[in-house]
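Try each task yourself before reading its solution.

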Amino acid sequence: MKYIYIYETPESKQEGLIKIGDAENVEKRINEQFNTAAAFDASKMQYNLLYQTKAIKDDGAEFRDHQIHDFLIKKGYPKHKIYSDNLLVKNDTEWFKVDVDKVINLVEKFKKGFSPEQIDIDR
């Protein structure tokens, strides 16, 4: 069974960014990401897990993180891009500049079967 999780690092928190992913073993996956896909300095190896929930809707259907990402993009919250000296290094990340409570609201309503049009995360 997969879980949807949200975390931040000390540096991402300063930037207002949160990471939204999915995994069967959340802690293991986050630690792997510090070596592969971190948006910030991986040497610090610190993170704060902000949210974790089973990636299963109330009707029993499983879902993935990319579905939550797509919802956020439709709501006007694009994926964070990573630059180095004005050169685009990574265009497609799982980092978003959005309030964590908005994402939790989105996930919880998505689990209940609401469509993107029915969810207003900006209220």
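**Exercise 1.** Find which residues His69 is in contact with, leaving aside its neighbours within four places in sequence.

*Solution.* Start with the contacts, meaning heavy atoms within 4.5 Å: His69 meets Ile20, Lys79, Glu94 and Phe96.

A word on the model: it is predicted, so local features need pLDDT of at least 70 and side-chain atom pairs count only at pLDDT 80 or more, while totals for chains, interfaces and linings use all residues. Residues are numbered from 1 along each chain as its sequence is written, and side-chain values use heavy atoms, with hydrogens and water left out.

**Exercise 2.** Work out which residues of helix 4 are buried, and what they pack against.

*Solution.* First, locate helix 4 at residues 100-111. Then pick out its buried residues: Val103, Leu106, Val107, Phe110 and Lys111. Seen down the helix axis, these fall within an arc of 130°, so they line one face of helix 4. Last, look across from them: they pack against strand 1, strand 2, strand 3 and helix 3.

**Exercise 3.** Identify the residues with the most contacts inside the largest nonpolar core.

*Solution.* A nonpolar core joins buried Ala, Val, Leu, Ile, Met, Phe, Trp, Tyr and Cys residues through side-chain atoms within 4.5 Å. The largest has 19 residues, and Ile20, Ile68, Leu72 and Val103 have the most contacts inside it. Helix 4 gives the largest share, four residues.

Methods. Helices (H or I, at least four residues) and strands (E, at least two) are DSSP runs, numbered from the N terminus. The expected span of a helix is 1.5 Å times one less than its number of residues. Buried means under 20% relative accessible area, exposed over 50%, partly exposed in between (1.4 Å probe, protein chains only). The arc is that of the directions from the helix axis to the C-beta atoms.
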